[in-house]
Amino acid sequence: MRKTRPAGHRDGLTRRALLRTTLGAAALGVMPDATQAQEPSPDTTKRWGRLPNALGARSPAENPRRTLNPPTSSRTPLQDLHGTLTPSDLHYERHHSGLAVVDPRAYRLLVHGMVDRPLTFTLDDIKRFPAATRTCFLECSGNFFGTREETTPQDVCGLTSQTEWTGVMLSTIFTEVGAHAGATWFLAEGQDAAVMTRSIPIKEVLGDAMLAYAQNGEALRPEQGYPVRLLLPGIEGNACVKWLRRIELSDQPFMTREETSKYTDPLADGTARQFSLVMDARSVITSPAYPQAIEKGFVEIRGIAWSGRGVVRRVEISTDGGRTWKAATLQQPVLPKAHTRFRYAWQWDGRPTEIVSRAVDETGYVQPEMSALRSARGRRTRYHLNPVTGWTIAADGRVRFAVERVRV
Amino acid sequence: MSRPLIVPAAFFLAAALVMAQTPPKRLGIGLPATQEQIAALDIDVRPDGTGLPSGSGSAREGAGIYAQKCAACHGAAGEGGTADPLVGAEPSEAPPFGPDYERWRNGRPDVPFTIGNYWPYATTVFDYVRRAMPASAPGSLTADETYALTAWLLARNGIIADTDALNAETLPRVRMPARARFVRDNRKGGTEVK
(Lines give C-alpha, C1' and ligand atoms only; values in the text may rest on other atoms or scores of the structure.)
Protein backbone atom coordinates (compact mmCIF):
# COMPACT_ATOMS: atom_id res chain seq x y z
CA MET A 1 0.00 0.00 0.00
CA ARG A 2 2.65 2.48 1.00
CA LYS A 3 4.86 3.35 -1.90
CA THR A 4 8.44 4.17 -1.37
CA ARG A 5 9.13 7.69 -2.40
CA PRO A 6 12.04 8.38 -4.68
CA ALA A 7 14.71 10.22 -2.78
CA GLY A 8 14.80 13.94 -3.25
CA HIS A 9 11.04 14.35 -3.61
CA ARG A 10 10.30 15.58 -0.12
CA ASP A 11 10.29 19.22 -1.02
CA GLY A 12 6.53 19.56 -1.39
CA LEU A 13 4.04 18.86 1.36
CA THR A 14 2.07 16.06 -0.27
CA ARG A 15 -1.65 15.66 0.40
CA ARG A 16 -1.07 12.43 2.24
CA ALA A 17 1.65 13.93 4.31
CA LEU A 18 -0.52 16.88 5.16
CA LEU A 19 -3.34 14.58 6.10
CA ARG A 20 -1.04 12.54 8.31
CA THR A 21 0.21 15.69 9.96
CA THR A 22 -3.19 17.19 10.58
CA LEU A 23 -4.78 13.97 11.76
CA GLY A 24 -1.93 13.48 14.13
CA ALA A 25 -2.30 17.00 15.37
CA ALA A 26 -6.03 16.55 15.74
CA ALA A 27 -5.47 13.36 17.71
CA LEU A 28 -3.20 15.27 20.01
CA GLY A 29 -5.86 17.93 20.47
CA VAL A 30 -3.69 20.53 18.81
CA MET A 31 -6.02 21.03 15.85
CA PRO A 32 -9.73 20.60 15.34
CA ASP A 33 -11.18 17.85 13.17
CA ALA A 34 -13.87 18.16 10.53
CA THR A 35 -16.82 17.81 12.84
CA GLN A 36 -15.70 19.68 15.90
CA ALA A 37 -17.80 22.68 16.77
CA GLN A 38 -15.82 25.76 17.59
CA GLU A 39 -16.71 28.58 19.88
CA PRO A 40 -16.22 32.05 18.47
CA SER A 41 -12.78 33.27 19.38
CA PRO A 42 -11.62 36.80 20.07
CA ASP A 43 -8.65 36.09 17.82
CA THR A 44 -9.31 33.58 15.06
CA THR A 45 -5.85 34.06 13.58
CA LYS A 46 -3.90 32.02 16.10
CA ARG A 47 -5.40 28.59 15.65
CA TRP A 48 -6.46 26.47 12.70
CA GLY A 49 -10.15 26.31 12.11
CA ARG A 50 -12.09 23.14 11.52
CA LEU A 51 -11.36 21.24 8.34
CA PRO A 52 -13.68 20.90 5.34
CA ASN A 53 -16.62 18.63 5.99
CA ALA A 54 -19.26 16.85 3.95
CA LEU A 55 -22.27 18.96 4.87
CA GLY A 56 -22.29 22.58 5.85
CA ALA A 57 -24.26 24.27 8.59
CA ARG A 58 -25.24 27.79 9.50
CA SER A 59 -23.16 29.87 11.83
CA PRO A 60 -24.24 28.91 15.35
CA ALA A 61 -24.86 32.61 15.86
CA GLU A 62 -27.61 32.60 13.22
CA ASN A 63 -30.85 30.94 14.14
CA PRO A 64 -33.57 31.62 11.57
CA ARG A 65 -36.64 29.49 12.18
CA ARG A 66 -40.03 28.92 10.62
CA THR A 67 -42.87 29.68 13.00
CA LEU A 68 -45.44 26.95 13.39
CA ASN A 69 -49.19 27.04 12.95
CA PRO A 70 -49.99 23.42 13.73
CA PRO A 71 -51.22 21.21 12.25
CA THR A 72 -51.17 22.77 8.81
CA SER A 73 -48.47 25.35 8.19
CA SER A 74 -45.17 26.97 9.02
CA ARG A 75 -44.03 30.43 7.96
CA THR A 76 -40.83 31.77 6.41
CA PRO A 77 -38.85 34.22 8.60
CA LEU A 78 -38.94 37.02 6.03
CA GLN A 79 -37.29 39.46 8.44
CA ASP A 80 -34.19 37.23 8.71
CA LEU A 81 -33.58 36.96 4.96
CA HIS A 82 -31.58 39.13 2.56
CA GLY A 83 -31.84 39.14 -1.21
CA THR A 84 -34.73 37.20 -2.68
CA LEU A 85 -34.11 33.45 -2.39
CA THR A 86 -35.57 31.47 0.49
CA PRO A 87 -33.20 28.84 1.88
CA SER A 88 -34.86 25.49 1.23
CA ASP A 89 -35.15 24.60 4.90
CA LEU A 90 -36.99 27.87 5.57
CA HIS A 91 -39.53 27.62 2.74
CA TYR A 92 -43.02 27.93 4.17
CA GLU A 93 -45.12 24.79 4.51
CA ARG A 94 -48.83 24.26 4.06
CA HIS A 95 -50.00 20.68 4.25
CA HIS A 96 -53.56 19.44 4.35
CA SER A 97 -52.92 16.01 5.85
CA GLY A 98 -49.27 16.16 6.77
CA LEU A 99 -46.40 15.54 4.41
CA ALA A 100 -46.01 12.36 2.38
CA VAL A 101 -42.74 10.45 2.57
CA VAL A 102 -42.32 9.02 -0.92
CA ASP A 103 -39.82 6.35 -2.00
CA PRO A 104 -38.22 7.81 -5.14
CA ARG A 105 -37.64 4.32 -6.57
CA ALA A 106 -41.32 3.46 -6.27
CA TYR A 107 -42.49 6.86 -7.50
CA ARG A 108 -44.73 6.91 -10.57
CA LEU A 109 -46.59 9.75 -12.25
CA LEU A 110 -49.67 8.78 -14.25
CA VAL A 111 -50.85 11.09 -17.04
CA HIS A 112 -54.17 10.11 -18.61
CA GLY A 113 -57.62 11.32 -19.61
CA MET A 114 -57.96 13.26 -22.88
CA VAL A 115 -54.64 12.09 -24.31
CA ASP A 116 -53.55 9.86 -27.20
CA ARG A 117 -51.24 7.81 -25.00
CA PRO A 118 -51.81 7.45 -21.24
CA LEU A 119 -48.32 7.06 -19.80
CA THR A 120 -46.59 6.45 -16.50
CA PHE A 121 -43.27 8.06 -15.71
CA THR A 122 -40.62 7.12 -13.19
CA LEU A 123 -38.57 9.82 -11.49
CA ASP A 124 -35.68 8.99 -13.83
CA ASP A 125 -38.04 9.35 -16.79
CA ILE A 126 -39.06 12.82 -15.64
CA LYS A 127 -35.43 13.87 -15.15
CA ARG A 128 -34.57 12.56 -18.64
CA PHE A 129 -36.84 15.10 -20.35
CA PRO A 130 -35.33 18.43 -21.44
CA ALA A 131 -35.05 20.46 -18.22
CA ALA A 132 -35.90 24.05 -17.38
CA THR A 133 -35.06 26.30 -14.44
CA ARG A 134 -37.25 29.10 -13.12
CA THR A 135 -36.93 31.43 -10.17
CA CYS A 136 -40.31 32.51 -8.81
CA PHE A 137 -42.24 33.00 -5.61
CA LEU A 138 -44.73 30.52 -4.23
CA GLU A 139 -47.41 31.93 -1.96
CA CYS A 140 -50.38 30.52 -0.09
CA SER A 141 -53.50 32.49 -0.95
CA GLY A 142 -54.43 32.52 2.75
CA ASN A 143 -51.36 34.63 3.48
CA PHE A 144 -52.51 37.50 5.62
CA PHE A 145 -52.57 38.02 9.36
CA GLY A 146 -52.57 41.27 11.24
CA THR A 147 -54.65 41.86 14.32
CA ARG A 148 -51.93 42.73 16.84
CA GLU A 149 -49.20 45.35 17.02
CA GLU A 150 -46.81 42.63 18.16
CA THR A 151 -46.71 41.07 14.71
CA THR A 152 -43.56 40.29 12.72
CA PRO A 153 -43.24 40.21 8.91
CA GLN A 154 -43.19 36.42 9.26
CA ASP A 155 -46.57 36.55 10.99
CA VAL A 156 -48.06 39.06 8.54
CA CYS A 157 -47.22 37.18 5.34
CA GLY A 158 -44.67 34.41 5.94
CA LEU A 159 -46.60 32.05 3.67
CA THR A 160 -44.55 33.23 0.70
CA SER A 161 -41.12 31.98 -0.29
CA GLN A 162 -38.91 32.12 -3.34
CA THR A 163 -36.98 29.32 -4.98
CA GLU A 164 -34.95 28.51 -8.05
CA TRP A 165 -36.93 25.52 -9.29
CA THR A 166 -35.78 22.98 -11.88
CA GLY A 167 -37.93 20.43 -13.64
CA VAL A 168 -39.62 19.63 -16.93
CA MET A 169 -42.10 21.95 -18.60
CA LEU A 170 -45.63 20.57 -18.37
CA SER A 171 -46.03 21.34 -22.09
CA THR A 172 -43.24 18.81 -22.79
CA ILE A 173 -45.18 16.14 -20.90
CA PHE A 174 -48.40 17.10 -22.70
CA THR A 175 -46.64 16.62 -26.04
CA GLU A 176 -45.34 13.25 -24.94
CA VAL A 177 -48.80 11.95 -24.03
CA GLY A 178 -50.49 13.61 -27.01
CA ALA A 179 -52.86 15.97 -25.19
CA HIS A 180 -56.13 16.36 -27.09
CA ALA A 181 -56.91 19.77 -28.55
CA GLY A 182 -60.24 19.69 -26.70
CA ALA A 183 -58.61 19.26 -23.29
CA THR A 184 -59.08 22.54 -21.43
CA TRP A 185 -58.50 21.49 -17.81
CA PHE A 186 -56.34 19.04 -15.95
CA LEU A 187 -56.62 17.53 -12.52
CA ALA A 188 -53.45 17.47 -10.43
CA GLU A 189 -53.48 14.90 -7.64
CA GLY A 190 -50.97 14.38 -4.85
CA GLN A 191 -50.19 11.25 -2.93
CA ASP A 192 -50.45 12.72 0.54
CA ALA A 193 -53.16 11.54 2.93
CA ALA A 194 -55.45 14.30 1.62
CA VAL A 195 -54.90 12.95 -1.90
CA MET A 196 -54.94 16.67 -2.66
CA THR A 197 -56.60 17.59 -5.93
CA ARG A 198 -57.02 20.77 -7.91
CA SER A 199 -58.40 21.47 -11.39
CA ILE A 200 -56.18 23.74 -13.44
CA PRO A 201 -57.22 25.59 -16.63
CA ILE A 202 -54.66 24.56 -19.25
CA LYS A 203 -54.57 27.70 -21.41
CA GLU A 204 -53.92 29.96 -18.43
CA VAL A 205 -50.91 28.05 -17.12
CA LEU A 206 -49.27 26.02 -19.89
CA GLY A 207 -46.78 28.74 -20.83
CA ASP A 208 -44.83 28.36 -17.61
CA ALA A 209 -46.19 25.35 -15.72
CA MET A 210 -43.51 22.88 -14.65
CA LEU A 211 -43.14 19.57 -12.91
CA ALA A 212 -40.40 20.52 -10.47
CA TYR A 213 -37.98 18.02 -8.98
CA ALA A 214 -35.30 20.39 -7.75
CA GLN A 215 -35.27 23.32 -5.35
CA ASN A 216 -32.33 25.70 -5.16
CA GLY A 217 -30.10 23.27 -7.02
CA GLU A 218 -30.88 20.06 -5.14
CA ALA A 219 -33.75 17.62 -4.93
CA LEU A 220 -37.01 18.99 -3.53
CA ARG A 221 -37.37 18.95 0.22
CA PRO A 222 -39.92 16.38 1.42
CA GLU A 223 -42.15 19.22 2.60
CA GLN A 224 -42.08 20.74 -0.88
CA GLY A 225 -43.40 17.61 -2.55
CA TYR A 226 -40.42 15.30 -3.01
CA PRO A 227 -39.85 13.86 -5.48
CA VAL A 228 -42.07 15.85 -7.89
CA ARG A 229 -44.50 18.73 -7.50
CA LEU A 230 -46.53 20.87 -9.83
CA LEU A 231 -45.21 24.43 -10.09
CA LEU A 232 -47.45 27.16 -11.49
CA PRO A 233 -45.55 30.47 -11.31
CA GLY A 234 -47.72 33.32 -10.05
CA ILE A 235 -50.56 31.02 -8.99
CA GLU A 236 -51.72 30.24 -5.46
CA GLY A 237 -49.64 27.62 -3.70
CA ASN A 238 -52.51 25.23 -3.10
CA ALA A 239 -52.78 24.58 -6.85
CA CYS A 240 -49.08 23.64 -7.04
CA VAL A 241 -49.84 20.11 -5.91
CA LYS A 242 -47.03 18.33 -4.06
CA TRP A 243 -46.06 14.65 -4.18
CA LEU A 244 -47.72 14.64 -7.59
CA ARG A 245 -48.99 11.19 -8.56
CA ARG A 246 -51.57 11.79 -11.28
CA ILE A 247 -52.56 14.27 -13.98
CA GLU A 248 -55.89 13.77 -15.74
CA LEU A 249 -56.79 15.91 -18.75
CA SER A 250 -60.42 16.88 -19.19
CA ASP A 251 -62.75 19.34 -20.88
CA GLN A 252 -64.23 20.54 -17.57
CA PRO A 253 -63.12 21.26 -14.01
CA PHE A 254 -63.56 18.48 -11.47
CA MET A 255 -64.94 20.72 -8.69
CA THR A 256 -62.81 19.33 -5.90
CA ARG A 257 -63.21 20.40 -2.29
CA GLU A 258 -60.22 22.78 -2.51
CA GLU A 259 -61.77 24.73 -5.41
CA THR A 260 -65.33 24.90 -4.09
CA SER A 261 -65.70 25.00 -0.31
CA LYS A 262 -62.12 26.29 0.12
CA TYR A 263 -59.96 28.67 -1.92
CA THR A 264 -63.02 30.51 -3.22
CA ASP A 265 -63.90 34.09 -2.43
CA PRO A 266 -67.38 35.01 -1.14
CA LEU A 267 -68.07 38.52 -2.39
CA ALA A 268 -70.17 41.48 -1.30
CA ASP A 269 -72.62 41.00 -4.17
CA GLY A 270 -73.55 37.48 -3.02
CA THR A 271 -71.49 35.59 -5.59
CA ALA A 272 -68.43 33.50 -4.79
CA ARG A 273 -65.37 33.86 -6.98
CA GLN A 274 -64.02 30.50 -8.09
CA PHE A 275 -60.65 29.53 -9.60
CA SER A 276 -59.16 32.80 -8.35
CA LEU A 277 -55.71 31.46 -9.05
CA VAL A 278 -53.39 34.40 -9.69
CA MET A 279 -51.67 36.06 -6.75
CA ASP A 280 -52.03 39.84 -7.04
CA ALA A 281 -49.22 42.31 -6.39
CA ARG A 282 -48.02 42.78 -2.87
CA SER A 283 -45.18 44.16 -0.80
CA VAL A 284 -44.01 44.07 2.78
CA ILE A 285 -41.35 46.02 4.63
CA THR A 286 -39.20 43.42 6.37
CA SER A 287 -36.93 45.95 8.09
CA PRO A 288 -37.44 47.93 10.18
CA ALA A 289 -40.28 45.87 11.59
CA TYR A 290 -41.54 44.50 14.90
CA PRO A 291 -39.76 43.71 17.23
CA GLN A 292 -36.96 46.04 16.16
CA ALA A 293 -36.17 49.44 17.65
CA ILE A 294 -34.44 52.02 15.47
CA GLU A 295 -32.23 54.99 16.19
CA LYS A 296 -32.44 58.50 14.85
CA GLY A 297 -30.57 59.08 11.62
CA PHE A 298 -30.00 56.79 8.69
CA VAL A 299 -32.32 53.84 8.28
CA GLU A 300 -32.47 51.73 5.13
CA ILE A 301 -36.06 50.58 4.68
CA ARG A 302 -35.96 47.10 3.13
CA GLY A 303 -38.51 44.64 1.93
CA ILE A 304 -39.82 42.45 -0.84
CA ALA A 305 -42.51 42.95 -3.46
CA TRP A 306 -44.02 40.49 -5.89
CA SER A 307 -46.83 39.95 -8.38
CA GLY A 308 -48.30 36.82 -9.90
CA ARG A 309 -49.10 38.80 -13.04
CA GLY A 310 -45.54 39.62 -14.07
CA VAL A 311 -42.80 41.98 -12.95
CA VAL A 312 -43.01 44.51 -10.17
CA ARG A 313 -42.83 47.90 -11.93
CA ARG A 314 -42.20 49.94 -8.82
CA VAL A 315 -42.50 50.00 -5.07
CA GLU A 316 -43.58 53.16 -3.35
CA ILE A 317 -42.64 54.04 0.20
CA SER A 318 -44.36 56.45 2.51
CA THR A 319 -42.63 57.58 5.69
CA ASP A 320 -45.51 59.80 6.75
CA GLY A 321 -48.33 57.30 7.13
CA GLY A 322 -49.40 57.32 3.49
CA ARG A 323 -49.65 61.07 2.83
CA THR A 324 -46.71 61.21 0.40
CA TRP A 325 -45.03 58.44 -1.56
CA LYS A 326 -41.57 58.04 -3.06
CA ALA A 327 -40.09 55.33 -5.25
CA ALA A 328 -37.89 52.70 -3.66
CA THR A 329 -34.87 51.26 -5.49
CA LEU A 330 -35.50 47.82 -6.95
CA GLN A 331 -32.64 45.34 -6.89
CA GLN A 332 -31.95 44.15 -10.42
CA PRO A 333 -32.65 41.88 -12.13
CA VAL A 334 -36.39 42.12 -11.54
CA LEU A 335 -37.84 38.75 -12.54
CA PRO A 336 -41.48 38.15 -13.46
CA LYS A 337 -43.63 36.48 -10.80
CA ALA A 338 -40.74 36.75 -8.36
CA HIS A 339 -39.88 38.31 -5.05
CA THR A 340 -38.17 41.60 -5.81
CA ARG A 341 -35.96 43.24 -3.21
CA PHE A 342 -36.59 46.93 -2.61
CA ARG A 343 -34.64 49.43 -0.56
CA TYR A 344 -35.22 53.03 0.44
CA ALA A 345 -32.77 55.35 2.17
CA TRP A 346 -34.46 57.21 5.00
CA GLN A 347 -33.38 59.67 7.66
CA TRP A 348 -35.55 59.25 10.73
CA ASP A 349 -35.94 62.52 12.58
CA GLY A 350 -37.05 60.88 15.79
CA ARG A 351 -40.72 61.82 15.53
CA PRO A 352 -43.41 59.13 15.72
CA THR A 353 -44.62 58.10 12.29
CA GLU A 354 -45.69 55.18 10.15
CA ILE A 355 -43.73 53.66 7.26
CA VAL A 356 -45.74 52.01 4.50
CA SER A 357 -44.99 50.21 1.23
CA ARG A 358 -47.10 49.48 -1.81
CA ALA A 359 -46.28 47.58 -5.00
CA VAL A 360 -47.29 48.39 -8.57
CA ASP A 361 -47.01 45.63 -11.15
CA GLU A 362 -46.68 45.58 -14.94
CA THR A 363 -50.45 45.61 -15.44
CA GLY A 364 -50.70 48.91 -13.57
CA TYR A 365 -52.28 47.20 -10.56
CA VAL A 366 -51.60 49.11 -7.36
CA GLN A 367 -51.52 47.10 -4.15
CA PRO A 368 -54.77 48.16 -2.47
CA GLU A 369 -55.60 49.28 1.04
CA MET A 370 -57.59 46.80 3.12
CA SER A 371 -60.54 49.20 3.04
CA ALA A 372 -60.61 48.99 -0.79
CA LEU A 373 -60.45 45.19 -0.68
CA ARG A 374 -63.29 45.06 1.81
CA SER A 375 -65.50 47.44 -0.13
CA ALA A 376 -64.89 45.42 -3.32
CA ARG A 377 -65.33 42.00 -1.73
CA GLY A 378 -67.23 42.32 1.51
CA ARG A 379 -66.41 41.15 4.98
CA ARG A 380 -66.26 37.42 4.60
CA THR A 381 -63.63 36.89 1.93
CA ARG A 382 -60.64 35.02 3.36
CA TYR A 383 -58.20 34.42 0.54
CA HIS A 384 -56.16 36.73 -1.68
CA LEU A 385 -55.91 39.46 0.92
CA ASN A 386 -52.91 41.54 -0.17
CA PRO A 387 -53.47 44.85 1.62
CA VAL A 388 -50.97 47.66 1.96
CA THR A 389 -49.25 47.23 5.32
CA GLY A 390 -47.03 49.44 7.43
CA TRP A 391 -45.15 49.79 10.68
CA THR A 392 -45.57 52.48 13.28
CA ILE A 393 -42.44 54.03 14.77
CA ALA A 394 -42.79 55.35 18.31
CA ALA A 395 -40.74 58.22 19.72
CA ASP A 396 -38.50 55.69 21.47
CA GLY A 397 -37.80 54.00 18.12
CA ARG A 398 -39.91 50.92 18.79
CA VAL A 399 -41.46 49.45 15.65
CA ARG A 400 -44.90 47.88 15.73
CA PHE A 401 -47.29 46.52 13.13
CA ALA A 402 -49.72 49.21 11.97
CA VAL A 403 -52.93 47.46 12.96
CA GLU A 404 -55.25 50.37 12.17
CA ARG A 405 -54.29 50.32 8.49
CA VAL A 406 -55.67 46.80 8.02
CA ARG A 407 -58.54 46.88 10.51
CA VAL A 408 -61.76 45.90 8.79
CA MET B 1 -20.98 24.57 -63.81
CA SER B 2 -20.92 23.03 -60.36
CA ARG B 3 -22.74 25.94 -58.70
CA PRO B 4 -26.30 24.65 -59.16
CA LEU B 5 -25.26 21.50 -57.36
CA ILE B 6 -23.49 23.19 -54.47
CA VAL B 7 -26.42 25.35 -53.43
CA PRO B 8 -28.91 22.53 -52.90
CA ALA B 9 -26.23 20.41 -51.26
CA ALA B 10 -25.45 23.20 -48.78
CA PHE B 11 -29.16 23.68 -48.17
CA PHE B 12 -29.72 20.02 -47.36
CA LEU B 13 -26.63 19.92 -45.16
CA ALA B 14 -27.90 22.94 -43.20
CA ALA B 15 -31.35 21.41 -42.93
CA ALA B 16 -29.87 18.16 -41.66
CA LEU B 17 -27.88 20.03 -38.99
CA VAL B 18 -30.96 21.88 -37.82
CA MET B 19 -32.95 18.66 -37.65
CA ALA B 20 -30.21 16.95 -35.70
CA GLN B 21 -30.37 19.66 -33.02
CA THR B 22 -34.15 19.81 -32.68
CA PRO B 23 -35.44 17.01 -30.50
CA PRO B 24 -38.33 15.05 -31.95
CA LYS B 25 -41.71 16.12 -30.59
CA ARG B 26 -42.13 12.81 -28.83
CA LEU B 27 -39.13 11.52 -26.99
CA GLY B 28 -40.38 8.01 -26.31
CA ILE B 29 -40.05 8.40 -22.55
CA GLY B 30 -42.46 6.65 -20.18
CA LEU B 31 -44.42 3.43 -20.29
CA PRO B 32 -47.98 2.96 -21.54
CA ALA B 33 -50.42 3.07 -18.62
CA THR B 34 -52.67 0.03 -18.40
CA GLN B 35 -56.38 0.26 -17.67
CA GLU B 36 -55.69 -1.45 -14.33
CA GLN B 37 -53.09 1.17 -13.39
CA ILE B 38 -55.46 3.98 -14.27
CA ALA B 39 -58.42 2.41 -12.46
CA ALA B 40 -56.35 1.94 -9.30
CA LEU B 41 -55.71 5.70 -9.01
CA ASP B 42 -58.61 7.35 -10.83
CA ILE B 43 -60.87 8.03 -7.86
CA ASP B 44 -62.15 11.49 -8.76
CA VAL B 45 -65.86 12.15 -9.03
CA ARG B 46 -67.14 14.92 -11.27
CA PRO B 47 -70.32 16.99 -10.91
CA ASP B 48 -71.99 14.94 -13.67
CA GLY B 49 -71.37 11.78 -11.65
CA THR B 50 -68.48 10.47 -13.75
CA GLY B 51 -66.32 8.37 -11.48
CA LEU B 52 -69.00 7.42 -8.95
CA PRO B 53 -68.73 3.76 -7.96
CA SER B 54 -71.59 1.31 -7.59
CA GLY B 55 -73.11 1.17 -4.13
CA SER B 56 -75.74 3.02 -2.17
CA GLY B 57 -76.50 4.59 1.19
CA SER B 58 -79.03 6.72 3.02
CA ALA B 59 -78.85 9.14 5.93
CA ARG B 60 -80.33 6.49 8.24
CA GLU B 61 -77.42 4.22 7.46
CA GLY B 62 -74.98 7.09 7.68
CA ALA B 63 -75.95 8.22 11.19
CA GLY B 64 -74.11 5.42 12.94
CA ILE B 65 -71.03 5.73 10.75
CA TYR B 66 -70.94 9.46 11.34
CA ALA B 67 -71.20 9.03 15.12
CA GLN B 68 -68.42 6.46 15.10
CA LYS B 69 -65.98 7.99 12.61
CA CYS B 70 -66.68 11.70 12.23
CA ALA B 71 -68.37 13.16 15.31
CA ALA B 72 -65.20 13.33 17.41
CA CYS B 73 -63.82 16.11 15.20
CA HIS B 74 -66.89 17.57 13.48
CA GLY B 75 -69.31 17.48 16.45
CA ALA B 76 -72.19 15.10 17.19
CA ALA B 77 -74.59 17.02 14.94
CA GLY B 78 -71.99 18.31 12.47
CA GLU B 79 -71.76 21.64 14.25
CA GLY B 80 -67.96 21.58 14.16
CA GLY B 81 -65.27 21.02 16.75
CA THR B 82 -61.58 20.62 16.13
CA ALA B 83 -62.55 20.32 12.47
CA ASP B 84 -64.89 22.34 10.25
CA PRO B 85 -68.62 22.65 10.89
CA LEU B 86 -70.47 20.65 8.23
CA VAL B 87 -74.10 21.32 9.06
CA GLY B 88 -75.91 24.63 9.11
CA ALA B 89 -78.19 25.77 6.35
CA GLU B 90 -78.70 29.17 7.97
CA PRO B 91 -79.76 31.57 6.72
CA SER B 92 -82.23 29.63 4.64
CA GLU B 93 -82.85 32.54 2.28
CA ALA B 94 -79.21 33.17 1.38
CA PRO B 95 -75.71 31.79 1.82
CA PRO B 96 -73.72 33.44 4.60
CA PHE B 97 -72.35 36.29 2.51
CA GLY B 98 -73.62 39.04 0.27
CA PRO B 99 -76.21 41.81 0.76
CA ASP B 100 -79.12 39.48 1.61
CA TYR B 101 -77.05 37.91 4.34
CA GLU B 102 -75.94 41.26 5.70
CA ARG B 103 -79.59 42.34 5.94
CA TRP B 104 -80.51 39.03 7.59
CA ARG B 105 -77.64 39.18 10.03
CA ASN B 106 -78.51 42.56 11.47
CA GLY B 107 -76.15 42.28 14.41
CA ARG B 108 -76.34 38.52 14.85
CA PRO B 109 -73.05 36.62 15.04
CA ASP B 110 -71.72 35.33 11.73
CA VAL B 111 -72.87 31.89 10.66
CA PRO B 112 -70.19 29.47 9.51
CA PHE B 113 -69.70 28.28 5.96
CA THR B 114 -71.05 24.74 5.71
CA ILE B 115 -71.96 22.07 3.18
CA GLY B 116 -75.54 23.29 3.31
CA ASN B 117 -74.92 26.96 2.70
CA TYR B 118 -71.71 27.05 0.66
CA TRP B 119 -70.76 23.81 -1.13
CA PRO B 120 -71.90 24.07 -4.79
CA TYR B 121 -71.79 20.34 -5.71
CA ALA B 122 -72.98 17.28 -3.81
CA THR B 123 -70.50 15.11 -5.72
CA THR B 124 -67.67 17.01 -4.04
CA VAL B 125 -68.80 15.72 -0.66
CA PHE B 126 -68.54 12.13 -1.86
CA ASP B 127 -65.20 12.74 -3.60
CA TYR B 128 -63.60 14.43 -0.62
CA VAL B 129 -64.92 12.08 2.05
CA ARG B 130 -63.76 9.08 0.05
CA ARG B 131 -60.25 10.38 -0.61
CA ALA B 132 -59.38 12.15 2.61
CA MET B 133 -61.68 11.15 5.48
CA PRO B 134 -61.79 10.20 8.26
CA ALA B 135 -58.57 11.98 9.23
CA SER B 136 -57.58 9.05 11.45
CA ALA B 137 -57.85 6.59 8.55
CA PRO B 138 -58.07 8.39 5.19
CA GLY B 139 -59.34 6.37 2.27
CA SER B 140 -60.70 3.59 4.47
CA LEU B 141 -64.43 4.00 3.80
CA THR B 142 -66.31 1.67 1.48
CA ALA B 143 -68.44 3.03 -1.35
CA ASP B 144 -71.62 2.23 0.63
CA GLU B 145 -70.28 3.99 3.72
CA THR B 146 -69.32 7.02 1.66
CA TYR B 147 -72.77 7.21 0.06
CA ALA B 148 -74.36 6.87 3.49
CA LEU B 149 -72.21 9.58 5.05
CA THR B 150 -72.83 11.90 2.11
CA ALA B 151 -76.56 11.26 2.53
CA TRP B 152 -76.40 11.98 6.27
CA LEU B 153 -74.56 15.26 5.68
CA LEU B 154 -77.01 16.35 2.97
CA ALA B 155 -80.03 15.32 5.07
CA ARG B 156 -78.79 17.17 8.17
CA ASN B 157 -78.42 20.25 5.96
CA GLY B 158 -82.03 19.85 4.84
CA ILE B 159 -81.15 19.09 1.23
CA ILE B 160 -82.45 15.49 0.98
CA ALA B 161 -84.71 13.31 3.13
CA ASP B 162 -83.44 10.78 5.68
CA THR B 163 -84.81 7.97 3.57
CA ASP B 164 -83.37 9.11 0.24
CA ALA B 165 -80.87 6.61 -1.10
CA LEU B 166 -77.82 8.08 -2.76
CA ASN B 167 -76.09 6.17 -5.54
CA ALA B 168 -74.35 6.87 -8.85
CA GLU B 169 -77.65 7.93 -10.42
CA THR B 170 -79.22 10.01 -7.65
CA LEU B 171 -76.21 11.84 -6.19
CA PRO B 172 -75.41 13.95 -9.30
CA ARG B 173 -79.04 15.06 -9.41
CA VAL B 174 -78.89 16.67 -5.97
CA ARG B 175 -79.05 20.43 -6.42
CA MET B 176 -77.05 22.33 -3.82
CA PRO B 177 -78.45 25.63 -2.47
CA ALA B 178 -75.30 27.63 -3.20
CA ARG B 179 -74.81 26.20 -6.69
CA ALA B 180 -75.76 29.30 -8.69
CA ARG B 181 -73.66 31.60 -6.54
CA PHE B 182 -70.31 30.50 -7.92
CA VAL B 183 -68.75 32.58 -10.69
CA ARG B 184 -65.40 32.54 -12.45
CA ASP B 185 -62.59 34.82 -11.37
CA ASN B 186 -62.89 38.23 -13.02
CA ARG B 187 -59.66 39.78 -11.75
CA LYS B 188 -57.32 40.78 -14.54
CA GLY B 189 -54.82 43.12 -12.96
CA GLY B 190 -54.96 46.77 -13.97
CA THR B 191 -56.19 49.63 -11.90
CA GLU B 192 -59.51 48.28 -10.63
CA VAL B 193 -59.59 46.59 -7.23
CA LYS B 194 -61.75 43.48 -7.46
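Domain bounds here come from an automatic or database domain assignment. By that assignment, chain A is divided into domain 1 (69–267) and domain 2 (282–406). This is a predicted model: local features need pLDDT of at least 70, side-chain atom pairs count only at pLDDT 80 or more, and totals for chains, interfaces and linings use all residues. Residues are numbered from 1 along each chain as its sequence is written, and chains are lettered from A and ligands numbered from 1 in the order in which they are written.

Colour the two domains of chain A separately. Their centres, taken over C-alpha atoms, are separated by 28 Å. At the boundary, 28 residues of domain 1 are in contact with 30 residues of domain 2 (contact: C-beta atoms, placed from the backbone, within 7 Å).

Next, select β6 (132–139), α3 (153–157) and β14 (265–266) of chain A, each of which supplies at least two residues of the side of domain 1 that touches domain 2. Helices (H or I, at least four residues) and strands (E, at least two) are DSSP runs, numbered from the N terminus.

Now show chain B. Of its residues, 46 are in contact with 55 residues of chain A. Select β1 (31–32), α2 (35–41), α5 (99–105), α7 (122–132) and β4 (182–184) of chain B, the elements that give two or more residues to the side touching chain A. The largest share of that side, six residues, comes from α7(B).

Finally, zoom in on strand β5 (residues 119–121) of chain A, which is joined to β1(B) by two bridges, the strands running antiparallel (strands pair if DSSP finds at least two bridges between them). Pick T120(A): its bridge partner in β1(B) is L31(B).

Key
Two residues are in contact if their C-beta atoms, placed from the backbone, lie within 7 Å.
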